Amino acid sequence: MLRGVTALVTGGSRGIGRACAEKLARDGARVVITSRDLENARDVASALTSDNSELPQHTGVQCDVRDANQVRALFKEIQRGATAAQKPLAVVVNAAGVNHDSLLVRISDDKIEVSFADFELSACIVVVPTH
């Protein structure tokens, strides 16, 4: 069980990220769901909260993990909220991704290169120390 901790799921508004957020919520974590689309992130957070009112309040926030400054700001905000709620950040799931909606054999090389360039690890591993 994850009661008493905060979990962050990037790309948590759909697909694998949403499935991870749902599982973490069922296990008792306070889940912070991020998406480039704020409304989608908030909709998932609301759905997770309404599924079981005994679980902690979940939060949906906008964050584009391609932007290191947004990631830094996100971690600072999570740290403030986790401290206030006395639920430390203990789990990070990076499920953010991009979909060009085509078969791999039909995607042009330039779209593949852009996909990998946009999601460099540098923006995903920005970590704010907690001590």
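Arg-30, Val-32 and Thr-34 point one way from strand S2, while Val-31, Ile-33 and Ser-35 point the other way, and all of them are buried, where buried means under 20% relative accessible area, exposed means over 50%, and partly exposed covers what lies in between (1.4 Å probe, protein chains only). In a regular strand the side chains alternate between the two faces of the sheet. With six of its six residues buried, strand S2 (residues 30–35) is largely enclosed by the rest of the structure.

The structure is a predicted model, in which local features need pLDDT of at least 70 and side-chain atom pairs count only at pLDDT 80 or more, whereas totals for chains, interfaces and linings use all residues. Residues are numbered from 1 along each chain as its sequence is written, and side-chain values use heavy atoms, with hydrogens and water left out.

**The chain as a whole**

The chain holds five helices and four strands, and from the N terminus on its elements run β-α-β-α-β-α-β-α-α; helices (H or I, at least four residues) and strands (E, at least two) are DSSP runs, numbered from the N terminus. Of the 131 residues in the chain, 34% are buried. Among the contacts with a separation of 6 or more, 65% are made by residues 24 or more positions apart, a contact being heavy atoms within 4.5 Å. The chain exposes about 8,200 Å², of which carbon and sulfur atoms supply 51%, with accessible areas taken from the Shrake-Rupley method using a 1.4 Å probe and, for residues, with only the protein chains shown counting as cover.

**Strand S2 and its partners**

Strand S1 (residues 6–10) pairs with S2 in the parallel sense over four bridges, and within this pairing Val-9 stands opposite Ile-33 of S2. S2 also pairs with strand S3 (residues 59–62), again in the parallel sense and over four bridges, and here Thr-34 stands opposite Val-61 of S3. Two strands are said to pair if DSSP finds at least two bridges between them.

Thr-34, which is found in S2, is buried, with a relative accessible area of 1%. Leaving aside neighbours within four places in sequence, the residues in contact with Thr-34 include Leu-8, Val-9 and Thr-10, as well as Gly-11, Gly-12 and Ser-13. Also among the contacts of Thr-34 are Ala-41, Val-61, Cys-63 and Leu-74.

**Helix H1 between S1 and S2**

S1, helix H1 (residues 15–26) and S2 make a right-handed β-α-β unit; a crossover is right-handed if, with the strands pointing away from the viewer, the path from the first strand over the helix to the second runs clockwise. H1 has twelve residues and reaches 17 Å from its first C-alpha to its last, close to the 16 Å expected at 1.5 Å a residue, the expected span being 1.5 Å times one less than the number of residues.

Within H1, Gly-17, Ala-21, Leu-24 and Ala-25 are buried. Seen down the axis of H1, these buried residues fall within an arc of 100 degrees, so they line one face of the helix, the arc being that of the directions from the helix axis to the C-beta atoms. An α-helix has 3.6 residues a turn, so residues three or four places apart point the same way. The face of H1 turned away from its buried side carries the exposed residues Gly-15, Ile-16 and Arg-26. Just after H1, Gly-28 takes a positive phi of about 100 degrees.

Val-71 has its place in helix H3 (residues 68–85) and is buried, with a relative accessible area of 4%. Gln-79 also lies in H3, but at 29% relative accessibility it counts as partly exposed. Ala-73, likewise in H3, is partly exposed, with a relative accessible area of 43%. Ala-96 sits in the loop between strand S4 (89–94) and helix H4 (109–118), and with a relative accessible area of 26% Ala-96 is partly exposed.

The table sets out a C-alpha to C-alpha distance for each of these residues.

| Residue pair | Separation in sequence | C-alpha to C-alpha distance |
|---|---|---|
| Val-71 and Thr-10 | 61 residues | 9.9 Å |
| Gln-79 and Thr-6 | 73 residues | 9.4 Å |
| Ala-96 and Val-9 | 87 residues | 8.3 Å |
| Ala-73 and Cys-63 | ten residues | 9.0 Å |
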